[in-house]
Amino acid sequence: MKVLKFGGSSVGTGERILKVASLVKAAEETDRIAVVLSAMQGTTDRLIGAGRLAEAGDDGYLEKIHEIELQIENAVSTVFTDFAPVELSVFIEHAIDEVESICEGVRRVGELSGRTLDRILSFGELVSSRVLFERLAIDGVSAEWVDSRDLIRTDKRYGSATVDSSRTYTQINERIESSDSRIFILPGFFGSAPDGSTTTLGRGGSDYTAALVAASVDAELLEIWTDVSGMMSADPRYVRNVRQIPSINYLEAMELSHFGAKVIYPPTIQPVMAKGIPLRIKNTFEPEAPGTLIEAVSGDRTDIIRGISSIDGIAVLSLEGSGMVGVPGFSRRLFEALSRAGINVILITQSSSEHSICVAVEERFSGLAKEVVDGEFENEIGVGKIEPLRVEKGFSILAIVGDNMKEHTGVSGRMFMTLGHNGINIHAIAQGSSERNISAVISTADVRKAVNSLHEEFFSDGRKQVNVFIAGVGTVGTRLIEQIRQQAENLTETLRINIRVVGIARSSRGLIDEEGLNLNGLSLSLDLAPAMPISEFADAMIELNLRNSVFVDVTASEDVVEVYSRLLAKSISVVACNKIACSSSYARYRELRSLAAEYSANFLFETNVGAGLPVINTLNDLIRSGDCVQRIEAVLSGTLNFVFNNYNDSEPFAEVVRRAQAEGYTEPDPRLDLSGMDVARKILILAREAGYPLEMEDVAIDGFLPESCLSGSVEDFYAEMFRQEDVFKRLLDSATSEGKILKFIATLDSGKASIGLRSIGPEHDFARLSGKDNAVLFFTSRYSEQPLVVKGAGAGADVTAAGVFADIIRAART
């Protein structure tokens with residue numbers, strides 16, 4: 001014999017009931033079957049609403065009942081195209097009248113007892129099961145409808161009754177074995193107490209009803225038909241690319257269902273597990289799909305973990321105090337107090353010092369829990385032995401489940417490392433001795449990110465999704481976006497990284513799309529984008545709370561730098577092309593570095609020095625490997641190198657500078673380059689990365705630009721340079737007369753930084769630097785005689801964008 005259970009979504013409309021009827025007829029061709037039905041989708045919630053409204057004296061309960069009546073009428077008119085059987089119409093009419101009568105009584109007395117509510121709630125399953133029964137009769141299929149209250153015996157714990165398994169099994173078995181029927185139709189969800197009153201088995205109790213029937217008759221298979229194709233590796237509401245679990249063992253399924261997997265009601269598994277009856281979860285709307293098979297031993301042993309689940313609405317209760325240490329009985333009294341109040345404990349953890357014990361309960365019971373626990377320990381609290389119970393709300397329990405975990409070391413390490421890397425704080429942890437489950441209490445706001453992060457860690461094919469937010473779409477920003485677009489497929493194939501640009505900000509406008517922006521036609525989209533100051537853009541990033549988030553700053557804005565600390569504190573990595581942060585006060589530089597380390601985020605700024613050249617990474621590698629940097633000499637301005645490489649008698653200095661700007665080598669205001677301030681920032685950053693706590697005023701600047709060139713607009717600057725051509729000509733002639741050339745050089749020597757225009761001979765390492773090249777010479781303990789040289793293009797939108805891109809990839813891989 002097989003038992004089939006159909007959920008509320010499977011019988012939610014007339015069309016779906018007809019679908020169920022066809023599935024039942026197909027199953028009956030090969031086996032005797034028992035069919036258990038839930039109420040039509042939404043009916044139970046409406047019945048609860050009607051009862052509560054009646055209790056409050058609100059006549060709105062009649063509207064709720066009318067909504068149920070309309071849903072039933074619509075379904076019946078579809079199931080029975082001509083007319084409904086008289087017996088069914090009478091049954092439904094009497095049932096609705098009864099519900100109205102009970103609710104009117106509730107309204108009059110102003111009280112809705114658990115007993116009365118259970119009687120109201122039974123109406124949904126009674127009607128859906130009778131509709132299916134009458135449809136099968138019309139089709140000439142002989143079936144027997146059985147009221148579950150005649151078979152399932154429970155105690156009087158209304159709302160979540162405990163089943164008397166022995167009596168229930170006997171009655172179900174005797175009823176089915178004594179009948180010649182091949183099909184039995186039963187309403188799920190309820191049974192009866194010893195006095196005959198209706199009791200319900202808890203939300204999801206129809207699954208449990210089916211399991212009880214299956215265990216009673218030693219069924220060969222229990223099928224749970226729902227609206228999904230089996231159990232999934234995670235909640236599809238959170239994870240887009242979930243995996244369907246083909247097979248799983250009873251204990252794994254129990255753990256997943258207990259910790260929030262809603263496909264199956266947790267108590268369902270116990271009766272079939274005790275009898276060794278396989279359970280298969282099937283999709284009513286894709287009946288050909290295999291679904292998930294739950295049995296004693298799963299044939300699939302490949303994945304380390306089987307699934308990830310979570311429970312929301314959790315409160316954490318903490319009982320602590322020095323008076324608990326070494327004194328037996330505190331835990332017993334805590335659990336007894338909660339038990340007497342009917343409060344179920346979902347998770348337990350206790351410190352080894354015995355100073356505190358922490359339990360998780362449903363948030364709706366937190367007020368009652370505090371009342372009963374503080375009452376239990378009133379004396380100890382009064383004399384200061386323990387503190388009053390601390391209640392914290394807004395939590396969820398996250399669990400990873402799998403029998404294979406006990407055969408693999410480091411699973412918990414991977415779990416906690418992944419959560420930590422994404423800035424997810426763990427409030428409490430628990431792991432059973434079976435090593436089948438690792439649970440963590442986290443903020444409910446972090447559940448989506450946590451589930452996605454863990455699913456990527458344990459179930460992906462190695463691909464890592466990186467969510468990128470970009471501020472600034474000028475020349476460099478535009479090139480960066482184009483490079484990301486061009487390289488997306490290659491990165492996915494070679495590095496298993498999926499970079500998704502989720503947000504872009506420009507000036508005071510911003511675009512954000514959690515699913516990823518279309519990188520084609522962004523300029524027009526930004527023109528039409530809503531106003532969004534950078535502070536609001538940062539707020540939106542934090543609110544989205546996406547895993548593996550990276551913020552990229554390709555502006556020169558102080559306002560953008562202001563959001564760095566907030567983002568790093570939320571474990572959002574920052575990639576900065578903007579030099580302001582790292583060249584401002586040393587305290588601010590250290591704060592950002594410390595925040596990145598504290599919150600497991602990356603703070604990367606390779607392009608602050610040398611555009612795309614690996615200058616900062618090389619310096620960091622030297623120091624991390626134990627080398628000592630003694631001196632740094634560098635040409636750090638591609639602009640100035642281009643200018644002095646091209647300045648000769650053939651054209652004025654101002655024209656060379658204008659040409660450098662036209663080719664994209666200068667800042668929007670070239671004075672930042674020519675004044676030496678840009679170079680000063682770069683050598684300051686290198687000094688700090690080398691371990692020297694310097695401020696900008698510690699950098700000795702030997703400038704060559706006349707003071708008169710530094711005031712006014714950019715055009716005023718060019719005009720003044722033309723007037724000062726003699727100054728620049730004298731500098732050039734002086735160097736040329738000695739057989740030398742001009743280079744603007746930065747030096748860090750024994751912790752002292754300086755910059756200035758120097759005349760160098762042809763033997764110098766910098767003499768052959770051409771075009772916009774930069775070069776950095778590292779003189780260290782290991783490279784004392786022959787320096788380590790980093791040399792290449794140090795300016796230009798493409799190479800700068802490439803350097804930023806490299807930092808994004810670096811952040812994604814750590």
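Helix 15 (475-494), helix 23 (638-646), helix 25 (671-674), helix 26 (677-689) and helix 29 (797-812) each give at least two residues to the lining of the second largest pocket. Helices here are DSSP runs of H or I with at least four residues, strands are E runs of at least two, and both are numbered from the N terminus. This is a predicted model, so local features need pLDDT of at least 70 and side-chain atom pairs count only at pLDDT 80 or more, while totals for chains, interfaces and linings use all residues. Residues are numbered from 1 along each chain as its sequence is written, and side-chain values use heavy atoms, with hydrogens and water left out.

**Second largest pocket**

- There's about 790 Å³ of space in this pocket, and of its 35 lining residues, V476, K579, T666, E667 and P668 sit closest to the centre.
- On a 1 Å grid over the protein atoms alone, a pocket is an open set of points with protein on both sides within 12 Å along at least five of seven lines, a cavity is a set where a 1.4 Å probe fits but cannot get out, and lining residues have an atom within 4 Å of a point.
- The lining splits into twelve nonpolar, 17 polar and six charged residues; Ala, Val, Leu, Ile, Met, Phe, Trp, Tyr, Cys and Pro count as nonpolar, Asp, Glu, Lys and Arg as charged, and the others, Gly among them, as polar.

**Cavities**

- Searching the whole structure turns up three cavities of 30 Å³ or more.
- The largest cavity has a volume of about 80 Å³, and of the 13 residues lining it, H421, N548, S549, S573 and A811 are the closest to its centre.
- Strand 17 (464-471), strand 20 (549-553) and helix 29 each give two or more residues to that lining, which divides into four nonpolar, eight polar and one charged.

**Helix 2 against helix 5**

- The axes (lines fitted to C-alpha atoms over the stretch in contact, with angles from 0 to 180 degrees between N-to-C directions) of helix 2 (residues 43-55) and helix 5 (residues 114-138) come within 9 Å and cross at roughly 150°.
- That makes helix 2 roughly antiparallel to helix 5, a label for angles over 145 degrees.
- T43, T44, L47, I48 and R52 of helix 2 meet L117, I120, L121, F123, G124 and E125 of helix 5, where contact means heavy atoms within 4.5 Å.
- Those contact residues divide into six nonpolar, three polar and two charged.

Key:
Grid points are joined across faces, edges and corners, and a volume is the space filled by probe spheres set on the points. Angles under 35 degrees count as roughly parallel, over 145 as roughly antiparallel, 65 to 115 as roughly perpendicular and the rest as oblique.
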